[in-house]
Structure formats: structure tokens, C-alpha cells
Amino acid sequence: MKVIENPHEAFAHIDHWKKQGLRIGLVPTMGALHQGHLTLVERSLQECDISAVSIFVNPTQFGPHEDFAKYPRTLEVDLDHLRKLKVDLVFTPSPAQLYPPDFSTFLEPPRSAQPLEGEFRPGHFRGVVTVVLKLFHIIPAHVSYFGQKDFQQLTVIRHMVEDLNLPMRIEGCETVREPDGLAMSSRNRYLSTSARQTALGLWRALSDARTMVEQGEREVAQIEARMATILQTAGADSIDYACIVDRNTLQPIDRLDQPSIALIAAYVEQTRLIDNLMLDPPETPLS
Ligand code: AMP
């Protein structure tokens, strides 16, 4: 497994493989890898000839009061996991390699970046689309794998790829959960034992929302109220949003008569957690 810090060197390897006609898969991550990440990697390994993983805690997607400095960094353990899976290349640039001192070009994110995370984390998606576009240039894979765990991010990246005519296929992969339902996240390691229990409220609220829909509830306000109650009862410290939106545009809806999605962002003690679950009217199958 090649571990490469230098963008030009990474490009040269990928270019060489591409010229041999090999299909390249890319999994962008911020490291602190867990089974959620590794499932994306396994999918790439199954579907592609060459699998590349990037590990980069991207400073430009963190707000000034967010957890950039304390974000978990576990590079050696991450590399061990990837070596076992037989990943071909891991790209591990330093911040200075992607953002030299004179760096000043940013990409304007698509409209789907405005609500939800866009509202509560101003500038977040500007940093995400900028770094992902850079990664796509450095590692011009045929296909890149993203998790539905960050559903808005997946939507934003899909729109970016479409709007900019990028020759990259985006594959969304299902959220991997702990046996009790908690979505795996690098930030879960911040949680104390009691916070871990509270965090389960996110999954409980989402599962309840789905049950309400299955039982015939169509009024979004009713379901959103129930999700908020469950989160508060579980002991969430504050709720950024617990809402249901159109699954394609991420715009608010009043009634559940189109493919939609329930999304939550909430603080458990100091840790901000996000999760989501697809909701469909009963005519269309649940995914
Ligand atoms: P991150 O390192 O948090 O930036 O995540 C890197 C990629 O892994 C993103 O595409 C995430 O959506 C995906 N991911 C993170 N957690 C999970 C999970 N529990 N299940 C599936 N994919 C995930």
C-alpha cells in the first residue's frame, strides 16, 4: 500500500494506473476510521481495480468555534486497517500541501448547501466542495464513494459534479450503525457513557418518525414535534434541527407525499451529532 503525502506524486500514480485501463475508486475521509468508512472502502475494493483513500482533516470546513484542533487523528491505526483491506493508495496530505500560504480560490457551493448544515455551519460546505474538488483533481478516479450518514454532503457533492460536468461517478452508501442503532461517527469517541445513551435519542427519534409514517401520518409538523420531544426526553442539550424535507431539494415540505428524509443535528453535551433516515409514503418502498 502506497502512503503518499505529495499531491503531484499521488496524481502520477493514479494517472499511471488509469493509462493501463484500470478502474479507480476514491474514498475521501477525515480519518479516525470506523466500520462506516471501511464499508465504503470495501465497496470500492469490490467494484474497482484500484482503490484510493484520502485522509485529511480539512481546516476550511470547520468554523472558528468548532472542533478542528481536537478532531481525532489516528493515522497509524487508520493505515493498519487500510493495509489489511489491501487498499492500493492512501493520500495523507498536510494542511500546507493543500492550502499553501497564498491559497485563495474557493468554490461556491450549490443551492442544496444553503439549508440545514448550511444554516448552522456557515462556510462549512464552501470548505467541503473546495477540498473535494481538489481531491478529485489530485485523484481523478472513475468513482467516488460517500456515506448517506452525511446526506446533505452527498447531495451537495452530487450537485457539484453535475453542475461542473465532472467526469466522476458518485456512489452513496448506506449508513453503518452500532447494534443499538447509533450511527457510527468519528465524533462518537467524544461521548461519555451517559452521553452515549443520550445520543441514542437521535436514532429513536428517526425510527419513531418512520413508524409514524408507516402508520399513516402525513403531517410533517406532527412528526417533527414528536422527534423534538424524543430528543428532549433523551436529554439532548440542544437541537439545531429535527426536520423532514424533500429528499432531492432538501427544501421544507408540509405533507409527506413525496420521497422525503428526516434529518437531525443535535448536541449531546459538547458533541454535535447528525443522523438521518429516508421516509417514503407507503406506495414507494422504504430503503
Ligand atoms: P468523514 O471522515 O466523517 O468525513 O467521513 C468520510 C466518509 O465516510 C463520508 O462520505 C461519510 O459520509 C462516510 N461515513 C461516515 N460515517 C459513516 C457511517 N456511519 N456509515 C456510512 N458512511 C459513513
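Here are legends for several close-up views of this predicted model. Residues are numbered from 1 along each chain as its sequence is written, and side-chain values use heavy atoms, with hydrogens and water left out. Because the model is predicted, local features need pLDDT of at least 70 and side-chain atom pairs count only at pLDDT 80 or more, while totals for chains, interfaces and linings use all residues.

**View 1. Helix H3 has a buried side and a face turned away from it.** Helix H3 spans residues 75–85; helices (H or I, at least four residues) and strands (E, at least two) are DSSP runs, numbered from the N terminus. Look for Asp 78, Leu 79 and Leu 82, which are buried. Buried means under 20% relative accessible area, exposed over 50%, and partly exposed in between, with a 1.4 Å probe and protein chains only. An α-helix has 3.6 residues a turn, so residues three or four places apart point the same way. On the face turned away from the buried side you will find the exposed residues Glu 76 and Lys 84. The buried residues of H3 pack against strand E1 (2–4), helix H2 (35–47), strand E3 (50–55) and strand E4 (89–91). Contact here means heavy atoms within 4.5 Å. After H3 comes Lys 86, with a positive phi near 70 degrees.

**View 2. Helices H2 and H3 pass each other in a right-handed crossing.** Two packed helices are described by the angle between their axes and the distance between the axes. The axes of H2 and H3 come within 11 Å and cross at roughly 30 degrees. That makes H2 roughly parallel to H3. Axes are lines fitted to C-alpha atoms, for helices over the stretch in contact, and angles run from 0 to 180 degrees between N-to-C directions. Angles under 35 degrees count as roughly parallel, over 145 as roughly antiparallel, 65 to 115 as roughly perpendicular and the rest as oblique. A crossing is right-handed if the near helix is turned clockwise from the far one by less than a right angle, and left-handed if anticlockwise. Leu 38, Val 41, Glu 42 and Leu 45 of H2 make the contact with His 81, Leu 82 and Leu 85 of H3. By class, this contact of H2 with H3 has five nonpolar, one polar and one charged residues. Ala, Val, Leu, Ile, Met, Phe, Trp, Tyr, Cys and Pro count as nonpolar, Asp, Glu, Lys and Arg as charged, and the others, Gly among them, as polar.

**View 3. Helix H6 meets helix H7.** H6 covers residues 124–138 and H7 covers residues 151–163; their axes come within 11 Å and cross at roughly 55 degrees. That makes H6 oblique to H7. H6 passes H7 in a right-handed crossing. From H6, the residues in contact are Phe 125, Val 128, Val 129, Val 132, Leu 133 and Phe 136, and from H7 they are Gln 152, Gln 153, Val 156, Ile 157, Met 160 and Val 161. The contact of H6 with H7 has ten nonpolar, two polar and no charged residues.

**View 4. Helices H8 and H9 are roughly antiparallel.** The axes of H8 and helix H9 (residues 220–234) come within 8 Å and cross at roughly 155 degrees. Their crossing is right-handed. Residues of H8 in this contact include Leu 202, Ala 205, Ala 209 and Met 212, and those of H9 include Ile 223, Met 227, Ile 230 and Leu 231. By class, the contact of H8 with H9 has eleven nonpolar, three polar and three charged residues.

**View 5. Asp 254 sits in a loop between two strands.** The loop runs between strand E7 (238–246) and strand E8 (260–268). Is Asp 254 buried or exposed? Asp 254 is exposed, with a relative accessible area of 64%. Not counting residues up to four places away in sequence, Asp 254 touches Arg 218, Glu 219 and Val 220. Asp 254 and Arg 218 are 36 residues apart in sequence and 8.4 Å apart in space, C-alpha to C-alpha.

**View 6. Asn 165 and Glu 269 each have a positive phi.** Most residues other than glycine have a negative phi. Asn 165 has a phi near 50 degrees and lies in the loop between H7 and E6. Asn 165 is exposed, with a relative accessible area of 66%. Glu 269 has a phi of about 50 degrees and is found in the loop between E8 and strand E9 (271–279). At 38% relative accessibility, Glu 269 counts as partly exposed.
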